[in-house]
Amino acid sequence: MASIARNVLMLAAALAAAALSAPAAAQNEQFIPILSYRTGPYAVNGAPYANGVVDYYNLINERDGGINGVKILTEECETGYATDKGVECYERLKSKGPTGAAFINPLSTGITFALTEKTATDKIPIITMGYGRADSKNGAVFAYNFPLLGTYWSAADLAIQQIAKELGGFDKLKGRKISLLYHDSPYGKEPIPMLQVLAQKYGFEFTPIPVTHPGVEQKSQWLAIRQNRPDYVLVWGWGVMNSTAIKEAAAVAYPRDKMIGVWWSGAEPDVTPAGDQATGYKALMLQHGAGKFPVHADIEKYIYAKGKGSTEPGKIDEVLYNRGMVNAMLGVEAIRKAQEKFGKKPLTGEQVRWGLENLILTDARIKELGFEGMLKPVSISCSDHEGARYGRVQQWNGKAWKVISDWSTADESLIEPLVADVSAKYAAEKKIKPRDCAKET
Amino acid sequence: MIALGQFLEVLIGGLMSGVLYSLVALGFVLIFKASGVFNYAQGAMVLLAGLALVRALDLLVANGLPLWVAVVLAIGFAAVIMAATAWLIERFVIGPLVNQDGLTLFMSTIGVTFVIEGAAEMIFGSDVYPLRLFPTDAWFLFEGLFPGGILVNKLDVWGALIAGVLVAGLAVFFQRTKTGRALRAVADDHLAAHSVGIPISWIWFVVWLVAGLVALVAATVWGTKLGVQFSITFLALKALPVLIIGGLTSIPGAIVGGLIVGAGEKLAEVYLGPSIGGGIEYWFAYVLALAVLMLRPQGLFGERIIERV
Amino acid sequence: MLYREAGQFKATYAEDMAIFPIRQDRIALAVLLGIAFIGVPLLASFRIWPFRTDYLLWAILLPFLILALAAVGTNILVGYCGQISLGSGAFMAIGAYSAYKLATGVHIPLAWLGFAIAIPPLPVLASILLGGLMAACAGILFGIPSLRIKGLYLAVATLAAQFFFDWAFLRLPWFTNYAPSGSVNAPELDFFGMIVRTPVERYLLCLLFVTVMAVLAKNLVRGNLGRQWMAIRDMDIAAELIGIRPLYAKLTAFAVSSFIIGVAGALWAFVYLGSWEPLAFSIDRSLELLFMVIIGGLGSIMGSFIGAAFILIMPIMLNVIPTELGLPLSTQTITHLQFIIFGSLICYLLIKEPHGFARLISIGKEKLRLWPFPY
C-alpha cells in the first residue's frame, strides 16, 4: 500500500519534471510530424516506409543544411495502425515546433478518414500518397487532402487496363470474371465503386471478397475462388494478408500470375514469406519500384556512411523504403515551393498547403533531386490534388521485382464523374462550399 | 458430382484447419485444468515460441550448421525460452495471485500478454520471418471421381498428425506419470493436494511449461503457414470458441471442438456467406459456441459444474 | 483531523441514506465539479497552462470522460451484478450506429408489405438517447444466456455479441447508409439551436452527460435494484432463495449497463471521433473497458473514473515521457517498453490490490479518519 503511494508520487514528480523541462524550440526549424507503425500486426510494412521517410529528412538536414537553411525537426509517434491512437498522435504533434506541423502523413486510410475534418479546421495539409479517400482528389471540396500520385480509383482503373492488355484488348474483358480480395476496412473498400463502374462499362463479372482484419485466415475465401474460378484476382491487402493470400493461392493452385496486387500489396515483405510460391505474382507500382537510384548514393554517403541510418544498409532499395523517400521528398518540395512565396522561414500548415497546391515537378527537377526513373512529372493544382496518375506493373521472379509493363495512365473520363459525384455529396453533408478553382492562384 | 466434390473439399479443409485451432486451444485447456486460469496469453506464447525458434534457426543455419542439427538446437533453445517464461509467470504473477477469483486471474494474463508481446518483439524483432519445416503444397485426391479432384493441403495433414501425437502424448503424461497424476490432483483441489505434500508451485511451473511447449508445437505449424510474425497472436481469439465448445477442461474436447468449429465455419462461409454479405466465419464460431453453451453450460466434454450454497 | 465525521448528526432517515452522507465528501465533490465545470473551460478558453494547446482537452479529457462513462456502464454489469461481459465494445457500437441512423433518418423498405417504415432525421440529443435505448434492447437480448451460463463461460458467450455486431456494422451497408468506404461521418452536433464545435464545447457537453448519468447510476446502485444486483453477484442461488428474481435482476443489469455504454458509444462517435468505422469498437475496446473497471475497482462508480484515467493515460505517459526527457530511444523501443511496463504495472496492481483503486481510496479514507494518530 505505502509502496504504491510512493511509486505514484515518484511518477508524478517525474511527469512534472518532464512537463517543466520541455525543450525550448529553436526558431529556424520546420516541424514535420511522422506518424508511423513499427509494432503490431502491420509493422512488417510500416517500418520500412517510416525508415525511408526518416532517412530522407535527415538527408536534407545533413546534405543541404535543411530546406533553404530551415532545418527539419521531426518527431515520430507510433500509431500501431489504430485509428484512435493516430488521432491522439495527431493532436499531440500538430502544434509542436515554431509554426506547428507542416503537414501530416498518417499512412492509414482509416486515420485519414478520421482526420479529414480535423485537419481542415486546423489548417494542416494531410498528404496521403497512394492511399486515403479517392474523392479527396477534388481540391475544391477537400482543400487540405492531397492523395498524391494515385488514388485507389486510379489504381483500380490501372489494374483493369493491365488485365485488358494481357487479354488482348478491352473488348476481351466482356464476360470475364474478376474478383477483388480486399482487406475489410475503408482501405479495402475504397476501390469497389470504381470497379463496379468499370465492370458495367466493360461487361466483366465483378465479385468482391472480404477478408477480415488482420487476414491470417483465408482458407474459405480461396476455396470459394477455386470453385468460382475467376480469370483474375485483384489483391487489396496490407500486412500479413498479402503473403497469406499468395500462400493460400498456391495451396489451391490458383496461378500466381493471374493475381494483381495494388501498390500496397507489392513489396518485399508481401512475397518473401511465401518463398517460391510467390513467383509470378504481379503488383501495380506507385510509379517507382525497388532498386537504387541516384538519390540512394547521397543517402549512403550522408546517412549510412556516418552510421545515422534507421535501418540496415542492405534494405535501402526496398519498395516501401523508396516509397517513404518519395513521400518525404514531395513534402519537402512543397515546403520549398511555399518558401518562394512566403519567405525562407518556418511556415505554417496553411502556407505549406499553398506550396502543395502549386507544386510542379518537371523531369529536369526530378533528375536534379536524384529521383530520375522513379517518378514521372507531377503537377498539382486546386482541382487536381492527385498530381499524376501513372502506373506500371511489376512481377516477382522469385528473387526480385521486375518491371514488366510500360507506363500507363488512369482513364480520367471514368474517374472524374465519380469523384465529382462523391465529393459533392460530402460537401453537402458537411456544408462545405466548394472553392472556385478558376480563381485560385 | 461437382457439387459433392466441392462440398467434401470444403468439409475436409474445414476439419483440417479446425485441428490447427485445436493446437492453440490445447494450451488453454492445460492451464485451465490445472490452475483455473483462463490464459489469454496463449496466443502471445505461440508468438514468443515461434520467434525464438525461427531466429535461432536462421542464426544457426547462417553459421553453416546442417539443417537438422540447427532445427534440433533451435527447438531446444525455444524450449528453454518457454521454460524461462513459465518460471517467470509462475513466480511473479500466478503464484502471488493464488486464491484470487477467475476474472482477476484472466485479467492478469492479459497483462502478461502485453509483456510477452513487447518483450518478444524487442528481443527477436518485429519483422516477418519465414519458417519452412513442413511442405505447404497440396494433394488433389480422387481426380478421377471429381473434376479437379479434392484439394487437401499437406501442411494441414501434418498439423493433424502432430495434434494427434500431441494429444496421445498428453494423455499418457496425465494418466501414467507421477507428475501427471500430481497435476490432476492439483487441478481437483489444490489445497488438498498441497496438504498431502504435492509441491504446488512446482506443479504450476510444469503446467505452464507444458503449455509453453504446446505453444512451441503450434508455432512450428502456424509459423510454416503464416510466417512467424505478430499476427500469430490473433490465434488466441480463434481458439476461444473451440475450447468453449469442447469444454474448458477436456483435452479431447479441444480436438472435437476444433473439428466442429473448423468444419462449421468453412461450410457456413462458403455456402451461407455469399447470400448475407460474406465474412461470416468471423462470428460464426462464437454463435455456435453460444448455442452449445445454452444446451450444455459446461461445453460438450467439460466437467459438470456443481454449485453448492 | 480534516476528514472526521464526528459532530455530523443525522436527524432523519433521508439524511442517513443520502448519496454522500459525509460532509467532507460533499465538499470534495463540489470542488471537483467546480474545477471540471468552471475551472477547466476558463483555463482552456484563455489558453493558460496546461491548456496552451488543444491536446489535453481533445486527446485526454474528452476520451477520458466518454470512456469513464462506458466504464460506469460496464461496472454496473460486471462489478455490481457480477456478470462478466466482453461485449461492451459491441454495445458502444450499437449506440453509435443507432444514433447515426436515427440522426440521418431511417428508411426500412418493406417491399412485400407494400410500404416502408420511414423515420425523419431526429435531433442529435434524441438520437443519442435512443441509441442508448437500442443498445439496452440488444443488451437484454444478449443477456438472456446469462440465466444459464456463468462466469468465464459467459464472458466468452458475450464475445459472440462483440464479433457479430463488428461484422454487422462492417458488412451490412444499410447501417452505414451505403457509404462506399464503410466509414461514416457524424452529423452536426446541434442541441436546440446551439451548435457544438470547439473542443471546450465538446468537453462541456460530455461532462454534462457523464455527470448526470454517473449520479443516476450512483443513485440506482444504492436502491432496491442495486441491492438485487449485488445479491445476485454475491451468491445467485442464495439470492434466488430469499426471493430475488434472477431473470429480472440480471436483465435489468444488462439493460441499464448497455444503455449507459450505448450513450457513451454514441458520444464517442459523434463528439470525439466525428468519423468512424467498426474497428473503433473492436474487442480491444471491450478488454480496455474491463480493465478500467477491474483496475478501478469492481462495484465502485468512483473507481470507474480512476480506472478509466489510469488505463487511458498511463500508456500515453509511458510513450511521451522518454521523448520529453530526450532519452535516445527509437520509437520502436519506446513502444515495446510501453507494452512491457504497462503489462507489468497491471499485474503488479492486480497482485498488490486485487480490489482496485477504489479499495485504496477507502483504505486511505480510513487512515485519514485516524490521522495523525496511527490507530
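Predicted model: local features only at pLDDT ≥ 70, side-chain atom pairs only at ≥ 80, totals over all residues.
**Exercise 1.** Work out how strand 1 of chain C runs against strand 2 (residues 115-119) of chain C, and how many bridges join them.

*Solution.* Start with the direction: the two strands run antiparallel, and 5 bridges join them. Strands here are DSSP runs (E, at least two residues) and helices likewise (H or I, at least four), numbered from the N terminus; two strands pair if DSSP finds at least two bridges between them. Next, pick out a pair: Ile108(C) has Ile117(C) as its bridge partner.

Residues are numbered from 1 along each chain as its sequence is written, with chains lettered from A and ligands numbered from 1 in the order written.

**Exercise 2.** Find how many residues of chain C are in contact with chain B, and which helix of chain C gives the most.

*Solution.* Count contacts (C-beta atoms, placed from the backbone, within 7 Å): 37 residues of chain C meet 40 of chain B. Helix 13 of chain C gives the most to that side, with 12 residues. Now sort the chain C side: 30 nonpolar, 5 polar and 2 charged.

**Exercise 3.** Sort the side of chain A that touches chain C into nonpolar, polar and charged residues.

*Solution.* The contact takes 33 residues from chain A and 33 from chain C. Chain A's side divides into 13 nonpolar, 7 polar and 13 charged.

Key:
Contact = placed C-beta atoms within 7 Å. Nonpolar A, V, L, I, M, F, W, Y, C, P; charged D, E, K, R; others polar.
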